[in-house]
Amino acid sequence: MEGKPYLDAVEVLFVADSMTQKAAMQSGEAHMLQTEAGKLAKDLQTVGFQTIFKLVTVYSLMPDTAHPDSPFANQAVREAVEYAINREAIANAFSYGFWEAQYQIPYPDSPAFNPNFNARKYDPEKAKELLAEAGYPDGFSTTILNNLSIIDRNIAVALQSNLDAVGITAELSYPANMGKFIGDTNSLTNILVMQPVMGAANYNSTWMFFLGQNAMWNKNWLPSPEFVALKDASNTAPVADPDLIRAATDQLSKEASVIPFMLAGLGWIMQSAVMDTGFDQSPSTDAIRSEQIWLTKK
């Protein structure tokens, strides 16, 4: 075929270890690497690799609101958790320049993002006051479930430290398969699930996948009637309406029933020879145009 030097084939390698991934890129064994926006991406960017990230995922805590005896069934406790998290410090420590602190569920470029959002910012004394008002002046113990294959262990430790400072003692648990673990157990109470909430171009799809009836944590996370009414109004609108979607996401934030804490997402690290990946043609960097990729000749 005349024109671009199109590829005869694309070989996909599955490499779990980040140091091995880095070595493969630096040796030229691999041309592209899909990874989170973090230290590995920054290290490779620093030495001259191309980086493309579109951050549409908001890492959040999903509190156990379904069980009446769970402390998180009380909105004041959930608000205390929000005030306890030092998002700015976490961003400074772990963002490597790719993201900033995140206070609401929609990602910044989403039509659902509220530019006038009234965030609950870091205030440990306010957190302690709310815990005392909720009947937990001495705090309580809980468990944070983290999907280690997605979210860095050190971020979970930072959250654990923030909560401990206001009296919430959190044990960290790392199920090998988060969905299977929760689905098989079905008896977990008093937990916080660390969950990436990916923002779709139409946020109604996000409701269905992450906050719908079949979501993996729906036995521990109980949506309020107010949120359900707003979500249903958005879902049944003739066309996607940013105002209706924003009303639903703002309701979740008002209730602190989903607690966002950082912006993240997958992206690609590429050799300088890689051309026309198609990443700029989609809201997500997951969509790759393998049929049009080509390599420059050296």
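Which residues have the most contacts inside the largest nonpolar core? The model described here is predicted. In this model the largest nonpolar core has 55 residues, and Leu-61, Trp-99, Met-194 and Phe-261 are those with the most contacts inside it. Helix H3, residues 75-84, gives the largest share of this core, with six residues. In soluble globular proteins, nonpolar side chains tend to be buried together.

Trp-99 shows what such contacts look like. Leaving aside residues up to four places away in sequence, Trp-99 touches Ala-37, Leu-55, Ile-90, Ala-91, Phe-94, Met-262 and Leu-263.

Helix H9 has buried residues too: Phe-227, Lys-231 and Ser-234. Viewed down the axis of H9, the buried residues fall within an arc of 60 degrees, so they line one face of the helix. An α-helix has 3.6 residues a turn, so residues three or four places apart point the same way. The cover over the buried residues of H9 includes helix H8 and helix H10.

| Helix | Residues |
|---|---|
| H8 | residues 203-210 |
| H9 | residues 225-235 |
| H10 | residues 242-255 |

Ile-52 lies in strand S2, which covers residues 50-53.

Methods: Residues numbered from 1 in each chain as written. Predicted model: local features only at pLDDT ≥ 70, side-chain atom pairs only at ≥ 80, totals over all residues. Heavy atoms only, no water. Helix = DSSP H or I, 4+ residues; strand = E, 2+ residues; numbered from the N terminus. Buried < 20%, exposed > 50% of the residue type's maximum accessible area, 1.4 Å probe, protein only. Arc of directions from axis to C-beta. Contact = heavy atoms within 4.5 Å. Core = buried A, V, L, I, M, F, W, Y, C linked by side-chain atoms within 4.5 Å.
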